[in-house]
Amino acid sequence: MERSQELNVNDDQNLEANLIDHEVNDSSSVPQTKNYKKWLRVSIYVFLVLTCQALSTILGRLYYENGGKSTWMVTVLQRIGFPLLFLYKFFSLNKQQEKTDPSFTNTTLGLAYICLGLLASAISYMSSVGLLYLPVSTFSLIFASQLAFTALFSYFLNSQKFTPYIVNSLFLLTVSSALLVFNNESQNIRNVSRVEYVVGFICTISASAGIGLILSLVQLILTKVLKNPSFSAVMDMAIYQTLVSCCVVLIGIFASGEWKLIASEMRNYRLGKVSYVMTLSSAAVSSQVYTIGAVGLIFESSSVFSNTVTAVGLPIVPVVAVIVFHDKMDAFKIFSITLAIWGFLSFVYQHYLDEKKLKTCHHVEEDTQV
């Protein structure tokens, strides 16, 4: 009798041990599943950013190459598709509420969104002018300098430290863009004057600086105003900013009178009326899908990582431009691409070191609490 009771006790203990092991294994698989889903989302957002960024730039150049003349039209295309952001937010499964610093009011957020929208509309117009006068490959290489501007503005706004890798990135990206000023072959191929080429260069580098400023401001808002921002909060920032900029550029196209050119442009478009509509609508959609991808990366990681992925796609555009528009890849551009990639890798490596240091500090805090 005692022997049977001992066996029953041992069986119960074994069963309890198996149940505990099963619970531990289940609980350990939960973080792995969440981590897998997170990286799947990040991969999708990276794909959207890389493809749609290149596509919107190529379509804008395609519009100019086949008879389009309105810089305000290209500007509007970058902003007019903002209702897609509303749809994406509505169907998004992420409904958590954000925590806002009580010292900041909705009025403060509203003013911040208006300022971001005004700045975004100026960036869109300057990039449209740059795309008009510069080859796509040159335009994209100059745009790569946004990483340097982001680091520079983050130094003043977000207290980012200037490490040797950041300084190296700033120097290389600056030289990479400056080399293109002396590239006379590009302007001769496109039959633009020296003055127009310089105007395009100045507008593009100004737009690049504006992007660096706007990304630094976004990071400032996320860290100082919105505490632990949800996906909904980040989407609201993108939506209201785009809404304001869309209103501004619509006023611009009507005030300039360029809206009157739409009918004649459609008739005289070299690829036909249907292609004209498809080019404009595809450019508008791709710009907003790119925004969705960029916002997703900001939420899943940070605005720095989102900007880094954007910079990864910039060297893709010159390669596509050589194939589609037969842009000449001369020695200046090849050297500029090399310096831009070197500067980009330096920036990414510093970002990797920062993330590694942050994870180490987080693990140390957990061990201390345990």
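## The cavity and its lining

In this predicted model, the structure holds 1 cavity of 30 Å³ or more, where a cavity is a set of points, on a 1 Å grid over the protein atoms alone, at which a 1.4 Å probe fits but cannot get out. About 930 Å³ of space lies in the largest cavity, the volume being the space filled by probe spheres set on the points.

The largest cavity is lined by 40 residues, of which Q78, R79, I211, Y290 and T291 are the closest to its centre; a lining residue has an atom within 4 Å of a point. Among the elements that give two or more residues to this lining are α1 (2-65), α4 (106-133) and α9 (194-225), while α12 gives the most, with 8 residues. By class, the lining has 21 nonpolar, 18 polar and 1 charged residues, with Asp, Glu, Lys and Arg counted as charged, Ala, Val, Leu, Ile, Met, Phe, Trp, Tyr, Cys and Pro as nonpolar, and the others, Gly among them, as polar.

## Packing of α10 against α12

The axes of helix α10 (residues 231-256) and helix α12 (residues 273-300) come within 9 Å and cross at roughly 145 degrees, on a scale that runs from 0 to 180 degrees between N-to-C directions. The crossing is right-handed. On the α10 side the contact (heavy atoms within 4.5 Å) is made by F231, V234, M235, A238 and T242, and on the α12 side by Q288, T291, V295, G296, I298 and F299. These residues divide into 7 nonpolar, 4 polar and no charged.

## Confidence and conventions

The protein chain averages a pLDDT (the predictor's confidence in each residue, from 0 to 100) of 80, and 81% of the residues score at least 70. Where pLDDT is low, the predicted coordinates should not be read in detail.

Residues are numbered from 1 along each chain as its sequence is written, and side-chain values use heavy atoms, with hydrogens and water left out. Local features need pLDDT of at least 70 and side-chain atom pairs count only at pLDDT 80 or more, whereas totals for chains, interfaces and linings use all residues.

Technical notes
Helices (H or I, at least four residues) and strands (E, at least two) are DSSP runs, numbered from the N terminus. A crossing is left-handed if the near helix is turned anticlockwise from the far one by less than a right angle, and right-handed if clockwise. On a 1 Å grid over the protein atoms alone, a cavity is a set of points where a 1.4 Å probe fits but cannot get out, and a pocket is an open set with protein on both sides within 12 Å along at least five of seven lines; lining residues have an atom within 4 Å of a point.
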